[in-house]
Amino acid sequence: MKSNVGNEAIIIDKVTHTYKTDTGLLPVIKNLNMTVPKNGFTAVVGPSGCGKSTLTKLISGLLKPDNGEVYLNGEKVLGPKPIVGMAFQNPVLLEWRSILKNVMLPLEIVPNDLSEVDKEDRAKSLLHLVGLEGFEEKKPSELSGGMRQRASLCRALVHNPEVLILDEPFGALDAFTREDLWQVMHKLRQEEPFTGILITHDLRESIFLADEVVVLSGRPATSQYSLQIPKLKNPKLDSLFSPDSIEMLKNLRKQIEIAQVQQATN
Amino acid sequence: MRQILIPFYAIIIFLLFWEFVVWFNGWPNYKMASPSDLWPAFWKFKKLFFQYGWDTLWRTVAGLFLAVIFGVFLGMIMGLSKILREALYPLLVGFNAIPKATVVPIIALMFVGQHDLNTILIAFMISFFPIAVSISIGLSTLEPEYRDILRSLGASKSMIFWKIALPKTLPEFFGALKVAVTLAFIGTNLMEIVSPHGRGLGALFDSGKTNADYPLMFAVLIGLAILGIALYYVVVVLEKIFAGWAERSSE
């Protein structure tokens, strides 16, 4: 089942998803269309509880849409696929494993023909890239929140996934740590190209990291607005204070408000 | 060194105090034997002490071993299936609510003369409950993100169990095992005391009672304490080896 579109790594085609709860049906996503080009990075923002996390589960194949289809690299998603890497707000590192062994976990599951040494080298090079050199043998409990999240990003990337799904990975970090990790994300994107989708509540984060920001409407979510972000070669945090950026932020803020009002009246 | 010396001195002081209290009150040894009576009592029956001590030890460990296997299995099916949890939990609680001391004579009659079997059975019955409960709670409270991380990579259910669910429940398991080992030890002794013509330290205790050899009864108590402490610390060592990661180093 190949789709005929060539350059889109993620295609979400008229996807609808409804949860069955004790009190009845709760439609969370309705007729959502969205695409992410190969090696593109799209941020998804929207009111709280509008179905953003559900979207990540639909893309990763953990949930099946009631209607519509999701394609990854032209192939229809029918269940979980090892070409996906995920990171959540909670770094979910395994406390009994060293950082190195945590990062290597996906290589124990995804079929590959790497030797044990190759696996270690791969994990070590990623840890080096995010600035965790020398922490390989530490246990997760010995690391700070920001460092744990760095390790979690490494784990999401270690098996060279074609699609990286990030569900508010920086949401629980303090502002400065978060900004550090934004820079780490830029570095990772340069060194390890991937197609990414980032769920976030932080508009500054969305325009700093993504090529495109999609605003979801209130529940049931559908794409309400989309903004292309002109990308600088090496974005600096200062660029967030430029008039262009502020204009974009105001624009997005207004769209969020519209979505919030819609969700409240629904 | 300090860690050994301080408890050692504490024990010496305790024994001296005990000796003094008995001497000061002029208690006869059927009321309270004094520490100086214990060694002769032990020496007189030293062969039996070691022989019966071994019986008590291996029966407790065998019962506990069965409890671990059965408890982990029960905890697993209750932790992984909501329907089975709802079905089995009331039964389990009901079974656990029966004081095991009342089951002892029943089992003793049921398998009369089979001392090993009925002792192991009681040790098992009294100790599997905390293990089953801890495993089932550990498994059913696993955060969904942990599962998702592996599931999104296409991991099978058994892979998720071995790589995440099982290691994550180990600290709870060892917590329960510390309780279970003490319970199993109680179970063994209950049966050994009740079962006629039995073996084990419990039987030795009982024969002390029937022969009015009170210092022997107290000597058995000390022997049991030593065995109990040894069993407990074996579990502590195993915990350090297999679940030491759960211990946070104080920063």
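Guide: Where domain 1 of chain A meets domain 2 of chain A, 18 residues of domain 1 are in contact with 13 residues of domain 2, contact meaning that the C-beta atoms of two residues, placed from the backbone, lie within 7 Å. On the domain 1 side, the elements that give two or more residues are strand E7 (163-167) and helix H5 (175-191) of chain A. H5(A) gives the most to that side, with seven residues. Helices here are DSSP runs of H or I with at least four residues, strands are runs of E with at least two, and both are numbered from the N terminus. By class, the domain 1 side divides into 12 nonpolar, one polar and five charged residues; Ala, Val, Leu, Ile, Met, Phe, Trp, Tyr, Cys and Pro count as nonpolar, Asp, Glu, Lys and Arg as charged, and the others, Gly among them, as polar.

This is a predicted model, in which local features need pLDDT of at least 70 and side-chain atom pairs count only at pLDDT 80 or more, while totals for chains, interfaces and linings use all residues. Residues are numbered from 1 along each chain as its sequence is written, and chains are lettered from A and ligands numbered from 1 in the order in which they are written.

As for the bounds, domain 1 of chain A covers 8-83 + 162-265 and domain 2 covers 94-161, as given by an automatic or database domain assignment. Taken over C-alpha atoms, the centres of these two domains are 25 Å apart.

Chain A also touches chain B, and that contact takes 18 residues from chain A and 16 residues from chain B. On the chain A side, strand E6 (84-88) and helix H2 (99-109) are the elements that give two or more residues. E6(A) gives the most, with three residues. This side of chain A has 12 nonpolar, three polar and three charged residues.

In chain B, helix H3 (residues 46-80) and helix H6 (residues 115-140) pack at an angle of about 30 degrees, with their axes 6 Å apart; axes are lines fitted to C-alpha atoms, for helices over the stretch in contact, and angles run from 0 to 180 degrees between N-to-C directions. The residues of the contact of H3(B) with H6(B) divide into 20 nonpolar, 11 polar and two charged.
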